[in-house]
Amino acid sequence: MYQIDFQKPIAVHFIGIGGISMSGLAEVLLSRGFRVSGSDSVVSPLTEHLQQDGAVVYEGQRASNITDDIDVVVYTAAVHEDNPEFAEAVRRGIPMMTRAELLGQMMKNYQDAVAISGTHGKTTTTSMVAEILLAAEADPTISVGGILHSIGGNIRIGHSGCFVTEACEYTNSFHSFFPTIAVILNIREDHLDFFKDIDDIRDSFHTFAKLLPENGLLIINADIPDYRKLMGDIACRMVTFALENEEADYRAADIVYNEAGHASFDVMKRGEKLVHLELEVPGEHNVDNALAAVAVAEALGVTGEAIEKGLDGYTGTERRFELKGELGGVTVVDDYAHHPDEIRATLLAAKKLHKKKIWCVFQPHTYTRTKALMKEFAEALALADEVVLAKIYPARETDTLGISSANLAVELEKLGKKVHYFESFDEIENFLLENCVPNELLITMGAGDVVKIGESLLGL
């Protein structure tokens, strides 16, 4: 593997520089004096920000973007050998490395490297840790997979020995990391275009945990089935958190939800009250995320006062139950949920708002996920009062499975649910305008571009 000396800046080119993670890595390199270039299919606020910081960004990916003065090319799992820039870099013999390999090498430069993993909840938990460390004035470097308003984007360049990042399991990318503290929030079936089954996924998380040094720390959700058996041979210290497992080190007590579904609760550490938190994000799943964040903060030596200051009033990142506005008395919210567990958590949180009706406009994400978890998607979406389906967002895939949102509509109808499926966003918007009434909640949901529907209705 190509090794970067972070004390000797070189020229790095990113294929897909506009991605939420790639743009953050590019910004870190720019802050260290590296010469950065990259390409993406579209211009975005993230690429414009990088240009302002000195990066050369090309709109569109073509072989001519790969020049002789590039020392190394970085790419993601979404980039394949037939990509013109990838192919040109190979032809020229330019060293190449994956996004995960670059991120892993960056982690070696920090005394405390925190990697937050899990099938879902990574962005929220990373953001919570960020807020706590900022309140503690710890000056961390943060890489988060969403837009966090308190840091003005998806990356914060700190000057301490603390680095916090998300750790994604897809294509086993987190196996390239070098954490000193690792968090496992949950382990569920997902990314079945890569993993064979749940056992394969569990094995991947096990390998990730074994990357920790003997003096490292694993923070794991004790509600994960057979977590002790899964992590039985981990050499480092292990700390647990949980909502259900009474033996966990960190638990929540006296949880109370207000009319907006926001939780206030005591965090108990081995039976003793540690802090009291009042969140401004809805749902029980965010209590779980907060417990993990508190465990990380304690491991980093943060005081209870700073933990409370950081999380009290925590409002989340963009696209995580984000209030977009109100239209004719209808509350419009957007959420990134694209896995059945996330959908279920979001809709259960929505029910605590006590609206007349919950409308869920769902855009499935990838054909493989939709096919593999079809019944689970239907059961989760059935929690909404009205379900509107958009076409599947393909992301990195092409339709080779003969799957569409119409198949999901059939599964919902089997559950006795009335469902509406439209081919275009315009049709969905017109339908919603005709059918939504005051004091109802409209949630646009999915990891694709379904957010545009609510924004268009609101004129944003």
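**A first look at the predicted fold**

T141 sits in strand β7, which covers residues 141–148; strands here are DSSP runs of E with at least two residues, helices are runs of H or I with at least four residues, and both are numbered from the N terminus. The model is a predicted one, in which local features need pLDDT of at least 70, side-chain atom pairs count only at pLDDT 80 or more, and totals for chains, interfaces and linings use all residues. Residues are numbered from 1 along each chain as its sequence is written, and side-chain values use heavy atoms, with hydrogens and water left out.

T141 has a relative accessible area of 1%, so it is buried. That label means under 20% relative accessible area, while exposed means over 50% and partly exposed covers what lies in between, with a 1.4 Å probe and protein chains only. Setting aside neighbours within four places in sequence, T141 is in contact with Y110, R156, I157, G158, C162, F163 and V164; a contact means heavy atoms within 4.5 Å.

Stepping back to the whole protein, the secondary structure comes to 15 helices and 21 strands. Along the principal axes, the C-alpha atoms fill a box of roughly 60 × 55 × 40 Å. Of the 460 residues, 56% count as buried. As for contacts with a separation of 6 or more, 64% of them come from residues 24 or more positions apart. The protein exposes about 19,100 Å², and carbon and sulfur atoms supply 46% of that area, as computed by the Shrake-Rupley method with a 1.4 Å probe; for residues, only the protein chains shown count as cover.

Nine of its nine residues are buried, so α4 is largely enclosed by the rest of the structure. The buried set is R99, A100, E101, L102, L103, G104, Q105, M106 and M107. These residues pack against β1 (11–15), α1 (20–31), β4 (72–75), β5 (96–98), β6 (112–117) and β9 (162–167).

Beyond its neighbours within four places in sequence, S173 is in contact with R99, A100 and C168. T171 belongs to the loop between β9 and β10 as well, but T171 is partly exposed, at 31% relative accessible area.

The backbone at T171 deserves a look too. Most residues other than glycine have a negative phi. T171 has a positive phi of about 55 degrees although it is not a glycine. D226, also not a glycine, has a positive phi of about 55 degrees. D226 is found in the loop between β11 (217–221) and α7 (227–230), and with 55% relative accessibility it counts as exposed.

Next comes open space. The second largest pocket has a volume of about 320 Å³. A pocket is an open set of points on a 1 Å grid over the protein atoms alone, where a 1.4 Å probe fits, with protein on both sides within 12 Å along at least five of seven lines; lining residues have an atom within 4 Å of a point. Grid points are joined across faces, edges and corners, and the volume is the space filled by probe spheres set on them. The lining has 19 residues, and H262, E280, F321, E322 and L323 lie nearest the centre of the pocket. At least two lining residues each come from β15 (272–282), β16 (322–327) and β17 (330–335), with β15 giving the most, at three.

The loop between β16 and β17 holds G328, which counts as exposed at 61% relative accessibility. G328 and E440 are 112 residues apart in sequence, yet 9.9 Å apart in space, C-alpha to C-alpha.

Finally, Y393 lies in the loop between β19 (386–389) and α13 (405–414) and is partly exposed, at 29%. Not counting residues up to four places away in sequence, Y393 touches Q363, P364, H365, T366, G448 and D449. Its C-alpha atom is separated by 24 Å from that of G325, 68 residues apart along the chain.
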